[in-house]
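Q: I've got a structure open here and want to talk through how it packs. Can you walk me through it?

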Amino acid sequence: MTTTPARPVPAHLPGLSVSHGRPHRDGAVLDLFTSWARRTPHAPALIDGDLTLGYAELDRLADEVAGQLAEQVRPGDLVGLCLDHSAALVAVTLAVARLGAVHLPLGPRPGEHRLRAVAEQLRPACLIGDPALLPPAHRDGRHRPLAAPGAPGAVAAFADPAAAGAPAAAAPKGAQYTVLTSGSTGLPKAVAVGQTALGALLTWYRELTGLGPGDRHSLLIGVAFDPHLMELWAALSSGAALVVAPDAVRWDPAALTDWWRTAGITVGVLPTPLAEPVLDRPWPGDLPLRHLMIGGDRLRRAPGPDVAATVHNAYGPAEATVVTTVHTMPPGADHGAGAPPIGRPIPGAIVLVTDGHGRPLPRGEAGELRIGGQGLAIGYLDPGLTAERFVSAPDEVDGTDRVYRTGDRVLMRPDGELEFLGRLDDQVKVSGVRIEPAEVESALERDPRVRRAAVVARPAPAGGGAQLLAFAQPAGEAGPVDGARLLDAVRPWLPEQALPSVLRLVDTFPLDANGKIDRAALVKAEEAAAQQGGRPGTEEATPTERTVLRLCRELLGRTGLTLDDNFLDAGGTSVTAARLLAALEEECGVRLRAPELLRRPDLRAVARLLDERAPGAAG
């Protein structure tokens, strides 16, 4: 646990890469929501499409859900939520906190095998979601229908003790929630975050943004990604309205800004891969948005002078409660052309840049970022992992007795601003989510058709973070192996962002001088093969078809793509879809919506739709 210093700590240590945020203030979380329910019972608390719930209504709904769970959920129990953005998600989150249980957000489609592994490893007392998607111990256990809008058919499922094989696990004392992060063993790591750490984060966030009654805050971040908890609790602990984002706006920058306008969003959070295409577009002049928080990956560009909102570039791992440092860029200023820094520590946080032995480096030298202070998580649910990553603080650092080793390579400038330089290990960010290539390799090697797998990350074509390439060596006795079917088989083990964009079958792996797989050689061979494949399918293509094909090849990094290919099957994601929509609008003058792109069977059909919508086309 962290300790409070007995004497004031300096804002920084001269000459060393150590910096302290100003003193923090703890803040209540559930108590603040309850207080607003009493003070402003009729003020809107939650808006989900046509449904609007006032603070008192949401409070009663949370009480009803808590009553349904109370018989079998005890303080400290893990409660897994397999729900999407909805009123049900919000009500259950409040209910779990009201019972003193620990919220474990898993998302609506965590994958069959992944969810089973989580259930066996963590043994949650209760899983809430579609019963058909739950693992056997919970699918065959006791069910109670969930009486909350937005999740039809969802149940609270309590594990059958005989099928579960072990009693339910309990989170550490004082935990508010537990989230999963990628693990190199092939199983996710579960990190527990305390009530005081979350409360301090929310106090800082409310003060930074001025969030309060009359504001509308978006609920957009993926449910399995911990910043969604900051969105949810920040709004409900400030008297503001929480507004659920429609699915389509997570794919389409133009649809997102339109929704900000029509929904009256004043404060919002975006993952970096979606924020960048939004910042690339002309900023609409009539948006009510005052503050935009961006995080999850390296931000490669600053907002332009036309951006009327204050933009905050935030950095922070789940192990340090969502946000550790922030760099604020006010509207109308020139913030430079390069990548913005990740800023300075928020209140209560302590950051230091260290060498390989954990000693603070002089400012201006690159090293590993370590984090201490009041925002640290309690630790992983696995004590061994906690001991490995949460280590003793150096003697030169006051204010904390332990620090978290992030594995991120950073540099602290003379003025105290941190610049993010990359990862020290193999962990990468894909669409804003941390992925261990070893986890993807482990998932592939579970398949009896695969003898060995190697997964490599490379920069995604045309920007947008990293792209995963998978190489699999078939097991000879397994018979013929089809790469597409292999990807389909591994899909239930992995989050969406961890599914490789490309899977290649190889007879053998090239080895380096140390006898390890030469991953650089694999990437080089893949790129050479793609180039040799040429650019088929353009000889008889129309100008629009050639444009669609060129943009898709650039975005997906697949030079052999043809007009008969489907965008999603070729490796398209929500991030590349957003970039493709923006590029098509710029080059063709036609604005498509994400569903229109994703429903087309092939790229030729996308081009045909563009021609039909082109200015001057026959009605």
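Q: Let's start with two helices. Is the crossing of H1 and H2 left-handed or right-handed?

A: H1 and H2 cross in a left-handed way. Keep in mind that this is a predicted model.

Q: OK, and at what angle do the axes of H1 and H2 cross?

A: Roughly 130°, and the axes come within 8 Å. H1 covers residues 30-39 and H2 covers residues 55-69. That angle makes H1 oblique to H2.

Q: Which residues meet there, between H1 and H2?

A: From H1 you have Phe33, Trp36 and Ala37, and they meet Tyr55, Ala56, Leu58 and Asp59 in H2. Sorted by class, the contact of H1 with H2 has six nonpolar residues, no polar ones and one charged.

Q: Which residues of H1 are buried?

A: Leu30, Phe33, Ser35, Trp36 and Ala37.

Q: And what do the buried residues of H1 pack against?

A: Against H2, and also against helix H3 (87-98) and helix H8 (227-236).

Q: Then how do H3 and H8 sit relative to each other?

A: They cross at roughly 80°, with axes that come within 12 Å. H3 and H8 are therefore roughly perpendicular to each other. On the H3 side the contact is made by Leu89, Val90, Thr93, Leu94 and Ala97, and on the H8 side by His228, Leu232, Trp233 and Leu236. By class, the contact of H3 with H8 has seven nonpolar residues, two polar and no charged.

Q: Switching topic, what about the chain as a whole? How many helices and strands does the secondary structure come to?

A: The chain has 18 helices and 28 strands. Its C-alpha trace spans about 70 × 60 × 60 Å along the principal axes.

Q: What share of the contacts join residues at least 24 apart?

A: 65%, counting contacts between residues at least 6 apart in sequence.

Q: Now down the chain: how do H15 and H18 pack?

A: Helix H15 (residues 543-556) and helix H18 (residues 603-613) pack at an angle of about 125°, and their axes are 9 Å apart. That makes H15 oblique to H18. H15 passes H18 in a right-handed crossing. Thr544, Glu545, Val548, Leu549 and Cys552 of H15 make the contact with Leu603, Arg604, Val606, Ala607, Leu610 and Asp611 of H18. By class, the contact of H15 with H18 has seven nonpolar, one polar and three charged residues.

Q: I also clicked on Leu580. Which helix is the place of Leu580 in?

A: H16, which covers residues 574-588.

Q: Why does Leu580 count as buried?

A: Because its relative accessibility is 0%, and buried means under 20%. Leaving aside neighbours within four places in sequence, Leu580 is in contact with Leu551, Cys552, Leu555, Phe567 and Leu597.

Q: How far is the C-alpha of Leu580 from that of Leu556?

A: The two C-alpha atoms are separated by 9.9 Å, and the residues are 24 apart along the chain.

Q: Last one: how many residues of H12 are buried?

A: Seven of its nine, so the helix, residues 437-445, is mostly covered by the criterion that buried means under 20% relative accessible area. The buried ones are Pro437, Glu439, Val440, Glu441, Ser442, Ala443 and Leu444.

Conventions: Residues numbered from 1 in each chain as written. Predicted model: local features only at pLDDT ≥ 70, side-chain atom pairs only at ≥ 80, totals over all residues. Heavy atoms only, no water. Axes fitted to C-alpha atoms, helices over the stretch in contact; angles between N-to-C directions. Helix = DSSP H or I, 4+ residues; strand = E, 2+ residues; numbered from the N terminus. Parallel < 35°, antiparallel > 145°, perpendicular 65-115°, else oblique. Left-handed = near helix turned anticlockwise from the far one by under 90°. Contact = heavy atoms within 4.5 Å. Nonpolar A, V, L, I, M, F, W, Y, C, P; charged D, E, K, R; others polar. Buried < 20%, exposed > 50% of the residue type's maximum accessible area, 1.4 Å probe, protein only.
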